[in-house]
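Biologist: Can you walk me through this one? I'd like to start with what holds the chains together.
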Number of protein chains: 2
Amino acid sequence: MTQKDFWLNAPIGVIGGGSWGTVLAILLSRKARHVRLKVRDPEVAKSMNSKRVHPKVFSELALPEALVACSDWEAFFEERPLFYVWVVPSSSTREAARDLSPYMQGDEILLHATKGIEGGTLKRISVMLEEELPIRRIGVLSGPNLAHEIAHAQPAGTVIASRFEEVREAGFSLFDQPNFRVTLGTDVIGVEWAGALKNILAIASGAFDALKLGWSARAMLLTEGLAEIVRFGVELGGKQETFLGLAGMGDVLATCSSSLSRNYRVGHLLAEGIPLDSVIRQVGFTAEGVQTTQHVAEFAKKRKIYMPITEGVRALIAGEVKPTDLLRYVQS
Amino acid sequence: MTQKDFWLNAPIGVIGGGSWGTVLAILLSRKARHVRLKVRDPEVAKSMNSKRVHPKVFSELALPEALVACSDWEAFFEERPLFYVWVVPSSSTREAARDLSPYMQGDEILLHATKGIEGGTLKRISVMLEEELPIRRIGVLSGPNLAHEIAHAQPAGTVIASRFEEVREAGFSLFDQPNFRVTLGTDVIGVEWAGALKNILAIASGAFDALKLGWSARAMLLTEGLAEIVRFGVELGGKQETFLGLAGMGDVLATCSSSLSRNYRVGHLLAEGIPLDSVIRQVGFTAEGVQTTQHVAEFAKKRKIYMPITEGVRALIAGEVKPTDLLRYVQS
């Protein structure tokens, strides 16, 4: 049995039944034979297993046979997963990892697809997972992938990065397919920071669009913004080339163009003059970019990394400047 | 009198009365006191000077007082320009420069804003101008600047590059203003190649949109495409940082998002299955990208520079592949 065959027949566990988790589970189930998706709601699990559709997320999509939804851990662990995909929001990642930890033996492989950082500590997702789980073979999947497009098999590319060859090999075997092309890399730090930092630019993009500043201004924002992300990311140990690739520039382009992104909507609403607490109520608490902006702006100031756009978005979120002032930070 | 005052009072001549030439003349006339714009059509000149609007290009815009339109060289040279702005299409640049040459004394400064290269020779615009004009102090203005947005004072940034400090100083004095921010540089090669090469990606973007491939795919196209432009541009003597700045990545983003770009429309029509000669008739002969693609693809092959997307666009233009095949070149 080849390595590839091994992984396609191994039990796979996906944790996190939101839209991206569901889409990744569907992608996996097109290749692997045993995929379990952990969801919170028993009704959702029941509906997925009997009617073969997710009742809320892309309910027009038929779920592949290989996919089984589980709302309790007992069913999820009926067969012990050897490969995990982690799609839990960054704010719940540490706690959820603590809950999962006792079920792991140490030989499992995990790929996470969460974009964000830990508030306060500025720790990356993989660092949190390394701290809480008894496993070491961890990697990250990230790229310009709009969930609804990937769900409908529109073509895209993504990056899987890990220091461990087995993680890269398993990830490639399980995910790479005609309309979802996987590129492999080793720069975990760069990929994770790129995915977190681009949320700051998504907020700024939403604000620019609300102000109707046009395409020339948006091109300026994203170009200067990517330069800012590179400065920060390289200072923290990422590689410049990562930020210029799919997980960096690519993700900036996809996220900042999509009015479906929560962070983009946050920026749009803020620039319409709506106060932060109402914005958060409207968009929901999973707009990772708000926290990321605050923490990164503070850290950049301390470390003297020049990030005028991040500072402008922070000031906009804090209500310290008028929305139209944001432009000044881009041109500085 | 400061250098800046000197230039704001000096006679300025803009050659090329298309939409971008007209917009640049308007930007200049907001600061400089004596700006002449050479246009072909005497009726256009008459209307611009008497009614203070361009009859065809942004006819809703009032022209600044300082702007005078001239359809004949005699009127244009009534006062000898010390600063020229060149906005002639690349295909007519050499001939037009030969016509202008006898009127120049050698001490003039020229900034060109033409994006393209000379067919066959692959020579950059400034090289052609250096060959045909008796002047040496030449520079280039280029950036993510959609003419209709700049005309309506939407905010934007641009790059002026020249080896000569006087060109950079004069250009900055004349163009920099609140909604049109000028960044200065010295990498003329990089700025010129970036402006020419991005037209290839604009064609590909139009094709991608016609095929309805989505934002994730477009992000992949532009990310891989920019990497390709960097490889080519650096090989030809440009600096990587130029291609990652406003004149490179910035211009790629603005042009490839605008369905108003001629090159984008060429790609869109080709992907709809319309043959090249009908496409060219519909769009007009000034879609610089078609020639650029052919010449660059040929040159890249000879010099063994890896440019799969350029090769794909070339094959699409040549009718050698189906539009849907273009995706293969991006994922290769």
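Modeller: One term to begin with: a salt bridge is a side-chain nitrogen of Lys or Arg within 4 Å of a carboxyl oxygen of Asp or Glu. Also keep in mind that this is a predicted model.

Biologist: Fine. How many salt bridges are there between chain A and chain B?

Modeller: The count between chain A and chain B is 0. Polar contacts are another matter: 16 residue pairs make them across the interface of chain A and chain B, both residues at pLDDT 80 or more.

Biologist: Which elements of chain A give two or more residues to the side that touches chain B?

Modeller: They are helix 7 (147-151), strand 7 (156-161), helix 10 (215-235) and helix 12 (246-257) of chain A. Helix 10 of chain A gives the most, with 9 residues.

Biologist: And what is that side of chain A made of, by class?

Modeller: The side of chain A that touches chain B has 19 nonpolar, 11 polar and 4 charged residues.

Biologist: How much area do chain A and chain B bury between them?

Modeller: About 2,700 Å², with 65% of it on carbon and sulfur atoms. In chain A, the residues that lose the most area to chain B are A:Pro155, A:Trp215 and A:Ser216, together 22% of what that side buries. The contact takes 34 residues from chain A and 34 residues from chain B.

Biologist: Back to salt bridges. What is the count over all chains?

Modeller: It comes to 42. One pair is A:Arg94 with A:Glu118, whose closest N and O atoms are 2.6 Å apart. That pair links distant parts of the chain, 24 residues apart: A:Arg94 is in helix 5 (residues 90-100) of chain A, and A:Glu118 is in the loop between strand 5 (109-112) and helix 6 (125-132) of chain A.

Biologist: New topic. At what angle do helix 13 and helix 14 of chain A pack?

Modeller: About 145°, with their axes 10 Å apart. The crossing of helix 13 and helix 14 of chain A is right-handed. Helix 13 of chain A brings residues including A:Val266, A:Leu269 and A:Leu270, and helix 14 of chain A brings A:Leu276 and A:Val279 among them.

Notes:
Residues are numbered from 1 along each chain as its sequence is written. Chains are lettered from A and ligands numbered from 1 in the order in which they are written. This is a predicted model: local features need pLDDT of at least 70, side-chain atom pairs count only at pLDDT 80 or more; totals for chains, interfaces and linings use all residues. Side-chain values use heavy atoms; hydrogens and water are left out. Contact means heavy atoms within 4.5 Å. Buried area is the accessible area (1.4 Å probe) that two parts lose on being put together, summed over both. A polar contact is a pair of N or O atoms within 3.5 Å; within protein, one must be able to donate a hydrogen and the other to accept it, and residues adjacent in sequence count only if both atoms are side-chain atoms. Helices (H or I, at least four residues) and strands (E, at least two) are DSSP runs, numbered from the N terminus. Ala, Val, Leu, Ile, Met, Phe, Trp, Tyr, Cys and Pro count as nonpolar, Asp, Glu, Lys and Arg as charged, and the others, Gly among them, as polar. Axes are lines fitted to C-alpha atoms, for helices over the stretch in contact, and angles run from 0 to 180 degrees between N-to-C directions. A crossing is left-handed if the near helix is turned anticlockwise from the far one by less than a right angle, and right-handed if clockwise.
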